[in-house]
Amino acid sequence: MQPLYKAIRNSISSSWIVCFFLIAAMAEWFVGPIMEKIINTCFDYLQDLVGQTGMKEALERLQKLHPMIQSVIFACNKAQIIDQNPALNRWLWQLRDAIDEADDVLDDFEYMKHEEQLTKNMEETEKRTAFSKASFQVIQSARKILKVGEGALKIGPNLKRLEEVMQKLDKVSAEVSTFLHLLESTKQEQQRELCKERKTGSLPRNDLIGRGKDKEFVMQWLRKPSNEHPGTDLYRNISLLSIVGHGGMGKTTLLQHVYEEDEMTKEFDLKMWVCVSNNFDAKKVIADMLESLKMNRPPLDILYALQKSLKYEIMSKKFLLVLDDIWDEQKERDKSKWENVLAPLSCGSLGSKILVTTRMDSATMIITKVIKKKKETLKLEGLEEGECLQLLNTHAFADVDNLDDHKKLRFITGLIVKKLSGSPLAAKVMGGILNSNLDEMHWRKVFDCDIGIIKWGQNDIMSVLRLSYLYLPQPLQN
């Protein structure tokens, strides 16, 4: 197993963002499929052995504890407290070592099993090619004697080793009861995490680097006249474009630059910017629309009154609405919420447009069901390496007058950018870490992925990526 750890560490060094999830991922990996494999394989080996009741009892206990161990580690992983709890962290590594040892012993058993199969295959071959039946019987008898002797030598010590490591694993696993109280607290912490509101505004905070073509695509779509004609369809006046991409791809920044263009102010009678985020509430979204239009928060808290007020504001006017950071809402009651949000918008003029940003393409399906329109999609991928390097250098050399004075540092950013997978967020955060100290040694440590240095930017990364991680199904989290 040790070479596997080295391989994982080496592969992770090529993408430093993944380092943040390493401890949690390794924990889930060991207590998930590997521990399950150990339990099942041990039962298979012991079913025909006599006198191993102690080990079988340990396995039965382990089988009962396994779901509890998984629950504790999955919960603590989601709440990000593994590193913050020394006792939990220490127990986790003891558990990992015990699982590691058991897995090594089972690998030896598996090797013996394949060796026996190979011997059988060779005997069959020799049987077919033997010069005579008598000569084959002599060879076979000699092989059987050797095989019994070798088997006794191999199985005996390995069985004792297996018994020892299973006792160790049994003892360490029993300590899970110490951490069961964390399940409730981590559940509450996760609920708070999911209820946190992410807020964005329409004003750009950064230059738009590497997204010129994407910006032009959105602008062209907004200029495009509506193909709809007056009729009975409730939402005939609205068109929808969805901007899809992973956290940190620059979806919000792209639309901020589009939204603030003078051309858009002339193109539309009204503009509204609303950050929906993961805590979706119909009344809040409508109130945010009104605040965006009137520059002050409406005192109303009744849904019908909010809808009436919004309808009055946009009546017969061509509007642009940005719904930033939509999350996946597929339940029927969520469809009803979106119907409440979108109903007043049907009173707007023909040619009104809605721009949506989301991390999941499926998130806008409910809106398309409500307005009964096919959505158009623009998917944001990682930046080209040259564009990503430009963005990295912009932040790394902020306030530097002459870049020619830092040729060695520019060479290092050229190496670092290859690790960033084109992520604008990673380039921005990494640039800030580099900019804090324009010393070559510091920059080389960053390039070598010194975890102590990388953690300076951890909160910036996690605030964007953590929600995406929590929304993934368990197999995809692993």
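## Overall content

The model is predicted. The protein contains 20 helices and five strands. Of its 478 residues, 45% are buried. Among contacts between residues at least 6 apart in sequence, 78% join residues at least 24 apart.

## Helix 10

Helix 10 covers residues 282–294, 13 residues in total. From its first C-alpha to its last it reaches 18 Å, close to the 18 Å expected at 1.5 Å a residue. Its buried residues are Ala 282, Val 285, Ile 286, Ala 287, Asp 288, Met 289, Leu 290, Ser 292 and Leu 293.

Both ends of helix 10 have a local feature to note. At the start, a side-chain oxygen of Asp 281 comes to within 3.4 Å of the backbone nitrogen of Lys 283. Just after the helix, Met 295 adopts a positive phi of about 65 degrees.

## Packing of helix 10 on helix 11

Helix 11 spans residues 303–314, and its axis comes within 10 Å of that of helix 10, the two crossing at roughly 35 degrees. The crossing is left-handed.

On the side of helix 10, the residues in contact are Lys 283, Ile 286, Ala 287, Met 289, Leu 290, Leu 293 and Lys 294. They meet Leu 303, Leu 306, Gln 307, Ser 309, Leu 310, Glu 313 and Ile 314 of helix 11. By class, this contact comprises nine nonpolar, two polar and three charged residues.

## Thr 200

Thr 200 lies in the loop between helix 6 (182–195) and helix 7 (212–223). Thr 200 counts as buried because its relative accessible area is 19%, under the 20% cut-off. Leaving aside residues up to four places away in sequence, Thr 200 touches Thr 252, Trp 273, Cys 275 and Asp 324.

Polar contacts join the side chain of Thr 200 to that of Trp 273, at 3.2 Å, and to that of Asp 324, at 2.7 Å. The C-alpha atoms of Thr 200 and Asp 325 are separated by 9.0 Å, although these residues are 125 residues apart along the chain.

## Ser 423

Ser 423 is placed in the loop between helix 15 (407–416) and helix 16 (424–435). With a relative accessibility of 9%, Ser 423 is also classed as buried. A polar atom of the Ser 423 side chain lies 3.1 Å from the backbone nitrogen of Ala 426. Apart from residues up to four places away in sequence, Ser 423 touches Gly 248, Met 249 and Cys 388.

Note on methods
Residues are numbered from 1 along each chain as its sequence is written. This is a predicted model: local features need pLDDT of at least 70, side-chain atom pairs count only at pLDDT 80 or more; totals for chains, interfaces and linings use all residues. Side-chain values use heavy atoms; hydrogens and water are left out. Helices (H or I, at least four residues) and strands (E, at least two) are DSSP runs, numbered from the N terminus. The expected span of a helix is 1.5 Å times one less than its number of residues. Buried means under 20% relative accessible area, exposed over 50%, partly exposed in between (1.4 Å probe, protein chains only). A polar contact is a pair of N or O atoms within 3.5 Å; within protein, one must be able to donate a hydrogen and the other to accept it, and residues adjacent in sequence count only if both atoms are side-chain atoms. Axes are lines fitted to C-alpha atoms, for helices over the stretch in contact, and angles run from 0 to 180 degrees between N-to-C directions. A crossing is left-handed if the near helix is turned anticlockwise from the far one by less than a right angle, and right-handed if clockwise. Contact means heavy atoms within 4.5 Å. Ala, Val, Leu, Ile, Met, Phe, Trp, Tyr, Cys and Pro count as nonpolar, Asp, Glu, Lys and Arg as charged, and the others, Gly among them, as polar.
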